[in-house]
Amino acid sequence: MSENESKKVRRDAARERAREARVQEQARRRRNKTLGISGIIVGSLAVVAVVVLVIANSVQPAGPGPRNMASDGILFTGQSGEIVPVETKATPDGGTPTATEQDDSVANITVYSDYMCPYCNQFETAQMDQIEQWVKAGSATLELHPFNLLDRVSLGSKYSTRSAAAAACVANYDPDAFLSYNTSLYENQPSESTKGLTNDELASLAKDAGATNSKVTSCITGQHFAGWVADATNRVMNDPIPNSSLDKVTSTPTIIVNGKQYNADGTTPLTDTDAFASFVEQNGGAA
């Protein structure tokens, strides 16, 4: 092979190698472009998923009510000298509460209250001991309906809603501790025109009251039943009250014994234990 021919072969080989290199580089750029686009798409989908999750969590529906409060209240009866909660299923999403079937041979005591209401605290402090004795003896039942009437006086913290929702958590997961927690909420009642207890403090009180179920704390701090409180409050303040002649509840506490409202005219002190005992006896109780 002549020298000129040898040079031509080398040039052709060099050109082929250069061509192959260009082809490989073009292929590499196409792959990187495809991977880049895929990464952007995946990243965008991840962002969309996070945004959707945040929005979903922020607009959760009211959801079902708590277990053991099918009537929007929790019912206690006496068994063998002990006070026991009556277990019920939860009101389903979009469902309506089930009114308690009452036995008129005993005093059916029903209390509608707000945990920020000072008058509710007066009634609780003065009357609960004797009510519990009647329930233990089997001469009375007790049904408690916490709801929100006074959110407006807690400086925007919605304490009435938060405390009622906390009580619902205890009813749902640890109903045996409900009465103790009910008492604790009144013993630690904040003054009106304050923000009240934090959710963490409400959860701590529940634990101290004997609510040991591990789900109670997260239920309270997450305010899982706040939507139910809003629904129950709307029903209480706008609909006829079951097992009574009341068109609605207009103040707290509203105390009903076998259909009759105690202190309906507001003239009897809520702390008068003799007056309340007499009212119970007059309306079917054997206190």
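Helix α7 has 13 residues, which at 1.5 Å a residue should span 18 Å. Its end C-alpha atoms lie 18 Å apart, in agreement with that expectation. The model is a predicted one. Five positions of the helix are named as buried: Trp 228, Val 229, Ala 232, Thr 233 and Val 236. Viewed down the axis of α7, the buried residues fall within an arc of 135°, so they line one face of the helix. They pack against strands β3 (107-113) and β4 (140-146), and against helix α3.

Helix α7 also takes part in a salt bridge. The count of such bridges comes to one. Arg 235 pairs with Asp 72, and the closest N and O atoms are 2.7 Å apart. Arg 235 belongs to α7 (residues 226-238), while Asp 72 sits in the loop between α1 (3-58) and β1 (74-79), so the pair ties together parts 163 residues apart in sequence. Side chains of opposite charge can pair when their charged atoms come close. Asp 72 has a relative accessibility of 5%. Because buried means under 20% relative accessible area, Asp 72 counts as buried.

The disulfide count is one. Cys 169 and Cys 219 form the bond, with their sulfur atoms 2.1 Å apart. The angle about the S-S bond is -80°, and the link is left-handed. Both Cys 169 and Cys 219 are buried. A disulfide is a covalent bond between the sulfur atoms of two cysteines. Two further cysteines were examined for burial. Cys 117 is buried at 2% relative accessibility. Cys 120 is buried as well, with a relative accessible area of 2%.

Ala 171 is also located in helix α3. What is its relative accessible area? The value for Ala 171 is 0%, and the residue is therefore buried. Ala 171 and Asn 68 are 103 residues apart in sequence, yet their C-alpha atoms are 6.2 Å apart in space. Leaving out residues up to four places away in sequence, Ala 171 touches Arg 67, Asn 68, Met 69, Ile 74 and Phe 178.

Notes. Residues numbered from 1 in each chain as written. Predicted model: local features only at pLDDT ≥ 70, side-chain atom pairs only at ≥ 80, totals over all residues. Heavy atoms only, no water. Salt bridge = Lys/Arg side-chain N within 4 Å of Asp/Glu carboxyl O. Helix = DSSP H or I, 4+ residues; strand = E, 2+ residues; numbered from the N terminus. Buried < 20%, exposed > 50% of the residue type's maximum accessible area, 1.4 Å probe, protein only. Disulfide = S-S within 2.5 Å. Expected span 1.5 Å × (residues − 1). Arc of directions from axis to C-beta. Contact = heavy atoms within 4.5 Å.
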